[in-house]
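Here is a short briefing on a single structure. The points below are grouped by topic.

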Amino acid sequence: MDPPRRRAATPRSTGARSRGAVRSDRPAGRTAGTPAQGGARQQSSRPQGQWRSWLRHHRAMCLDSLRRLIRQPVGSLLTMLAIAIALVLPSALWLSLDSAKLVDAELDASATLTAYLDKGVDEAQAQRILEAIEAQSNIASTRLITAAEGMAEFQQALGLDDALARLETNPLPASVVISPQSPSPEAMTALSERLTAMPGIAEVRLDLAWIERLRQLAEVGRRVTLALGVLFGLGVLLVVGNTIRLAVENRRKEIEVVTLIGATHAFVRRPFLYSGAWYGLGGGLLAWALLTLGSDWLSAPVASLAASYGAHYQLPALGAAGSTILLSCSTLLGWLGAWIAVSRHLAGIKPR
């Protein structure tokens, strides 16, 4: 009878020990519903791993799309050259408008009014009128030209010293040349009306017609440049879109396979977007090179032409800001053209 009791007691003690072992494996102070620390670390590290995987895939697709372009140098170069030609003309017009702005600023600085004094005004009275003019608003600077100085300048300009020297009296009145602070037509017209009402001033000459014509021409140039920029930008989109469309058709089977195994449209679209960006960047670099070479080629003849008129003019360059804008716009246009083309054709690709 003794051996069976010992055998029956053995399982109970073993079960007790196993239950105690189970309770001892659970950390103190934690209930059964509390998650394990290892699981918490796995949950917190999962978003970081997804972010790194996303970055690795972007880097891989960027390099892979560049290698595909390098493996087809002739076709890639022709596409980039077409993009560059579409970008050169609006960029050159933009540079021309920048130079026109400099000329417009010089014209604003040279905008003046001329107040002719009465013929009977002597030098002392002319000085008092000059002080009264300087007290007016919108006056930047003034210069008094006496009747004798006006006659000397007139003789020098026309080369009629002998003929004008025979005049018994000087027919020219004294005048005041006024440079306004604001060269706008409204401000100069208001200043002219105030000066005309002043005593001792016979007439105020103000010629704004030629300045207005130049400004209207500049406005027309800006609108033409904007229209051409939009048109040639659409041309870049069409060039890149057609190139990416052919690339999508060539890789149609590959796209169907990865779509069958669960790839999203963003995953499929990514390498083509990088290809479009590379096309745009290459076209921007070629456009920058063409503009730089063209500027160097034309700088000497333009400087000689300006020197023949006694002026100094230099063709404007893109500079760091202009180059950054050109390359950014070309890259963005390439990316946008690729996105439009891929999104349109992915909707028509259905895995079979």
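Predicted model: local features only at pLDDT ≥ 70, side-chain atom pairs only at ≥ 80, totals over all residues.

Residues are numbered from 1 along each chain as its sequence is written, and side-chain values use heavy atoms, with hydrogens and water left out.

**Sheet**
- Four strands make up an open sheet in the order 2-3-1-4, with antiparallel pairing; strands (E, at least two residues) and helices (H or I, at least four) are DSSP runs numbered from the N terminus, and two strands pair if DSSP finds at least two bridges between them.
- Strand 2 (141-145) and strand 4 (201-205) are the edge strands, each pairing on one side only.
- Strand 1 (residues 113-117) and strand 3 (residues 175-179) run antiparallel and are joined by four bridges.
- A115 has V176 in strand 3 as its bridge partner.

**Helices across the sheet**
- Helix 4 (residues 123-134) lies across strands 1, 2, 3 and 4, at about 165 degrees to strand 2; contact means heavy atoms within 4.5 Å, and angles run from 0 to 180 degrees between N-to-C directions of axes fitted to C-alpha atoms, for helices over the stretch in contact.
- Helix 7 (residues 185-196) lies across strands 1, 3 and 4, at about 165 degrees to strand 4.

**Bridge partners and lining**
- Helix 10 gives the most to the lining of the largest pocket, with 11 residues; a pocket is an open set of points on a 1 Å grid over the protein atoms alone, where a 1.4 Å probe fits, with protein on both sides within 12 Å along at least five of seven lines, and lining residues have an atom within 4 Å of a point.
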